[in-house]
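Please open the model in your viewer and keep the selection tool at hand. The stops below each name something to select and then say what is there.

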Amino acid sequence: NNIELVWYNLIDNCQFMFCECYDITEIDLSNFDTSEATSMWRMLYYCSSLTSLNLSNFNTSKVTSMHDMFDGCSSLTSLNLSNFDTSKVESMLGMFKYCSSLTSLNLSNFDTSKVISMQGMFENCINLEYINMKNFIETNLTLYSNIFKNVPDNIAVCINQDNIKNKIYPQIQNIKCHIEDCTDD
């Protein structure tokens, strides 16, 4: 159940790399060179036994799709994505869908200026207590339904309301959550 990877150079496509690896509990990705990767679509899709991930070495500066990247990773209890460069990402559709063991997500470093789709981004994250989205903007966002479908009503969401007032903010209001204006953090 433990896979040790010793790849140092990846091609530009990480799509479906560990897709539906249901029994894997641990993956060592510390030697991955993702500097040329442009797609991480469904990279870890339904790795439902995976409990933790160290993605601190991931270079995501060229990635345009994170569509369903962690969808179905229902045993993940935490994710540190502080090194993720999302400045070129256009799709975050279902990115964290069914991550039902996550209790918090700090996405404060996410640049969403090019994102077109966030549909179902946090759908069925049923134990999520906190999301930091303080730098999210919706400039190019056109597909944005069900972003918060089936998340707890008492979730705390950290936002800059001025940047997400037309598309994302109304959905946050609909889930009756605790909204924190964290523009000064």
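Begin by selecting Phe70, Phe96, Phe122 and Phe148, which together form one aromatic cluster. Rings of Phe, Tyr and Trp (its six-membered ring) are taken as a pair if their centres lie within 6.5 Å, and the pair counts as stacked with planes under 30 degrees apart, as edge-to-face over 60, and as tilted for the rest.

Before going further, note that this is a predicted model, in which local features need pLDDT of at least 70 and side-chain atom pairs count only at pLDDT 80 or more, while totals for chains, interfaces and linings use all residues. Residues are numbered from 1 along each chain as its sequence is written, and side-chain values use heavy atoms, with hydrogens and water left out.

Now colour the whole chain by secondary structure, where you will find 1 helix and 6 strands, arranged from the N terminus on as β-β-β-β-β-α-β. Helices (H or I, at least four residues) and strands (E, at least two) are DSSP runs, numbered from the N terminus. Of the 185 residues in the protein chain, 46% are buried, where buried means under 20% relative accessible area, exposed means over 50%, and partly exposed lies in between (1.4 Å probe, protein chains only).

A search of the whole structure finds 6 aromatic pairs. One of them joins tyrosine 45 and tyrosine 46, an edge-to-face pair with 4.9 Å from centre to centre and 70° between the planes. Tyrosine 45 counts as buried at 13% relative accessibility, whereas tyrosine 46 is partly exposed at 27%. Select next phenylalanine 58 and phenylalanine 84, whose ring centres are 6.4 Å apart and whose planes meet at 5°, so this pair is stacked. The two residues stand 26 residues apart and link distant parts of the chain, although both belong to the loop between β2 and β3. Phenylalanine 58 is buried at 4% relative accessibility, and phenylalanine 84 is buried at 4% as well.

Return to tyrosine 46, which is found in the loop between β2 and β3, and look at its backbone, where phi is near 55°, a positive value in a residue other than glycine. Asparagine 150, in the loop between β4 and β5, also has a positive phi, near 65°.

**Charged side chains**

Which residue lies over the face of tyrosine 45? Select arginine 42, which is placed there at 4.1 Å from the ring centre; a charge sits over a ring if NZ of Lys or CZ of Arg is within 6 Å of the ring centre and within 35 degrees of the ring normal. The side chain of arginine 42 also meets that of aspartate 68 in a salt bridge, at 3.1 Å from N to O. This pair links distant parts of the chain, 26 residues apart, with both residues in the loop between β2 and β3. Arginine 42 is partly exposed, at 24% relative accessible area, while aspartate 68 is buried, at 5% relative accessibility.

A salt bridge here is a side-chain nitrogen of Lys or Arg within 4 Å of a carboxyl oxygen of Asp or Glu, and by this rule the count comes to 2. To see another, select glutamate 36 and lysine 62, whose side chains meet at 3.0 Å, N to O. Glutamate 36 is partly exposed with a relative accessible area of 42%, and lysine 62 is partly exposed at 35%.

Strand β4 (residues 130-132) pairs with β5 in the parallel sense over 3 bridges, where two strands pair if DSSP finds at least two bridges between them. Within this pairing, asparagine 132 stands opposite cysteine 158 in β5. Strand β6 (residues 178-181) also runs parallel to β5, joined to it by 4 bridges, and aspartate 181 in β6 is the bridge partner of isoleucine 159.
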